[in-house]
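Here is a short briefing on one protein model. Read it with the sequence and the structure side by side.

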Amino acid sequence: MAERLVVIGGDAAGMSAASQARNRRGPDDLRIVALEKGFHASYSACGLPYLVGGEVDGVEDLVVRRPEVFRDEQAIDLRLRSEVTEIDLDRRAVAVRDHEEGRDYWEPFDQLVVATGALPSRPGLPGADAAGVYGVQTLDDGAALLRAVEADGAERPRAATVVGGGYIGLEMAEALVRRGLSVTLVEAGEQPMGTLDPDMGALIADALRRLGIEVLLGEGVTGFSASGGRVDAVCVGNRSVRADLVVLGLGARPNTALAEAAGIPVGETSGIRTDRRMRTPVEGVWAAGDCVETFHLVSRRPVAIALGTHANKQGRAAGINIGGGYASFPGVVGTAVSKICEYEVARTGLNEAEAAAAGFEFVTETVASTTRAHYYPGAREMRTKMIADRRTGRLLGAQIVGQEGAAKRIDVLALAVWHGMTVEEMTGLDLAYAPPFSPVWDPVLIAARKTAERLERLHTGG
């Protein structure tokens with residue numbers, strides 16, 4: 001009889017795991033059931049701000065693979081609107097609520113993949129559950145926000161408040177401006193984009209203001225005012241900010257309630273604990289994606305980072321291993337990139353606060369340069385910051401804020417961090433040069449050289 005694999009979650013990690021397992025084991029050997037509680041599976045959540053902002057035409061454009069591809073071409077029994085409500089490890093089955101047919105049933109498994117993703121963080125404040133307060137994590141969330149933004153007549157929103165200045169908050173703030181709304185961003189920190197150092201985040205704050213967004217920094221939200229059950233304002237300190245709709249950009253937390261209730265261990269970040277092969281400590285149970293805890297290769301500490309790149313790789317590793325092969329996910333260095341207004345923003349490794357928390361003594365260097373040769377049309381400004389270990393010179397992290405052509409240089413820096421290169425070693429990197437693409441000294445090389453020179457002065461007392 002065929003072994004039964006059940007996958008909880010039909011997005012990046014879950015469907016990558018299902019597909020890889022199927023590639024290695026046929027339907028007569030392995031029956032695969034994938035259960036997704038939403039209306040969509042296998043989609044690009046990273047595209048949600050561009051859907052809301054109008055750059056993407058419709059919800060279906062973000063769907064990577066249609067359900068029939070999995071069902072007809074890969075013999076994966078993908079069931080939408082099928083919510084898993086319980087995992088019974090003794091029974092080796094999951095309880096499923098079929099929202100389409102209004103029935104409940106048990107689905108048995110031999111192998112289980114938990115890919116339940118992450119949940120948008122909602123503050124425990126008065127009015128946070130009012131209608132018109134949106135967390136944006138899934139395609140269904142994005143579709144709901146899009147419907148609100150596109151409403152006509154008296155229902156049309158005119159003012160929006162975004163709470164939280166992380167990646168999703170900033171991208172959504174820009175998207176709402178594009179839709180013609182008056183937008184206020186509220187961020188409790190010193191600057192937006194808290195994964196950057198404050199000096200780099202300040203550049204983003206200035207860009208937001210130039211776009212017409214009111215930016216309130218160092219101020220926390222104390223509650224939400226509602227009328228008739230619908231949000232109409234956000235309480236910030238002692239004042240009230242009008243809001244016909246609110247977007248929560250406070251980050252996301254691993255969605256592990258099912259796993260915890262079943263006794264599947266979670267780690268100190270509240271993500272599910274796995275080994276490098278994505279196995280949990282429970283025999284026959286795997287986990288992948290935004291719900292898991294992973295390992296930071298620089299800080300050497302556990303982290304929970306919700307990114308589609310990690311989810312796909314982790315799901316791939318789980319599926320290959322379930323299929324009888326061997327694959328591992330070694331960890332992360334925290335690389336991320338985004339477009340905010342006219343700026344491209346990127347980071348990798350550790351920022352200053354993270355490096356200090358990990359116990360490093362470090363030096364930093366920030367250099368201003370251009371994306372192309374200064375004389376070539378279209379050259380844009382960019383700023384590159386490097387953080388290096390004071391004793392060894394090893395690159396610990398880097399950040400880039402610049403205009404068109406800047407951000408993808410973070411990939412060179414991510415590779416250097418991944419392989420533990422020193423900034424001195426980086427000064428000799430053979431990077432491509434032509435005036436339309438780079439100055440003769442690429443900004444990465446300039447920043448590496450300046451950081452190496454600073455370290456040399458420290459070591460020689462100069």
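The cover over the buried residues of helix α4 includes α2 (48–53), β9 (133–135), α5 and β16 (245–248). Contact here means heavy atoms within 4.5 Å. The buried residues of α4 (residues 139–149) are L139, G142, A143, L145, L146, A148 and V149. Buried means under 20% relative accessible area, exposed means over 50%, and partly exposed lies in between (1.4 Å probe, protein chains only). Helices (H or I, at least four residues) and strands (E, at least two) are DSSP runs, numbered from the N terminus.

This is a predicted model: local features need pLDDT of at least 70, side-chain atom pairs count only at pLDDT 80 or more, and totals for chains, interfaces and linings use all residues. Residues are numbered from 1 along each chain as its sequence is written, and side-chain values use heavy atoms, with hydrogens and water left out.

**Nonpolar cores**

- A nonpolar core is a set of buried Ala, Val, Leu, Ile, Met, Phe, Trp, Tyr and Cys residues joined through side-chain atoms within 4.5 Å.
- The largest such core has 53 residues, and I87, V94, L112, V114 and I264 touch the most other members.
- Helix α1 (residues 12–24) gives the most to this core, with 6 residues.
- Setting aside residues up to four places away in sequence, I87 touches I8, A93, V94, L112, V114, L258, A259, A262 and I264.
- A second, separate core has 44 residues; V149, A160, V162 and L245 are among them.
- In soluble globular proteins, nonpolar side chains tend to be buried together.

**Helix α5 and L170**

- L170 has its place in helix α5.
- L170 counts as buried because its relative accessibility is 0%.
- Neighbours within four places in sequence aside, L170 is in contact with G165, L185, P192, M193, I204, L208 and I340.
- L170 and L185 are 15 residues apart along the chain, and their C-alpha atoms are separated by 8.1 Å.

**The three-strand sheet**

- An open sheet of 3 strands runs in the order β4-β5-β6, with antiparallel pairing. Two strands pair if DSSP finds at least two bridges between them.
- Its edge strands are β4 (82–88) and β6 (103–108), each pairing on one side only.
- The twist averages 25° from one strand to the next. Axes are lines fitted to C-alpha atoms, for helices over the stretch in contact, and angles run from 0 to 180 degrees between N-to-C directions.
- Strand β5 (residues 93–98) pairs with β6 in the antiparallel sense over 6 bridges.
- Across that pairing, V94 stands opposite E107, and A95 stands opposite W106.
- The hairpin of β5 and β6 has 4 residues between the strands, and G102 takes a positive phi near 65° there.

**The five-strand sheet**

- An open sheet of 5 strands has the order β21-β22-β25-β24-β23, with antiparallel pairing.
- β21 (336–340) and β23 (362–370) are its edge strands, and each pairs on one side only.
- Here the twist averages 10° from one strand to the next.
- β23 and β24 (residues 381–389) pair in the antiparallel sense over 9 bridges.
- In this pairing, T370 stands opposite E381, and T366 stands opposite K385.
- Helix α5 (residues 167–178) packs on the sheet and touches β21 and β22 (343–349); its direction makes about 25° with that of β21.
- Helix α10 (residues 410–418) also packs on the sheet, touching β22, β24 and β25 (395–402); its direction makes about 175° with that of β25.
- The covered face of β23 holds V363, E365, V367 and S369, while F362, T364, T366, A368 and T370 form the uncovered one.

**Charges over rings**

- A charge sits over a ring if NZ of Lys or CZ of Arg is within 6 Å of the ring centre and within 35 degrees of the ring normal.
- The charged end of R91 sits over the ring of W106, 4.1 Å from its centre.
- R449 does likewise with W441, its charged end 4.9 Å from the ring centre.

- Most residues other than glycine have a negative phi.
- R81 is not a glycine, yet has a positive phi of about 55°. R81 is in the loop between β3 (76–79) and β4.
- R81 is partly exposed, with a relative accessible area of 21%.
- M278, also not a glycine, has a positive phi of about 75°. M278 lies in the loop between α7 (257–262) and β18 (285–287).
- M278 is buried, with a relative accessible area of 2%.
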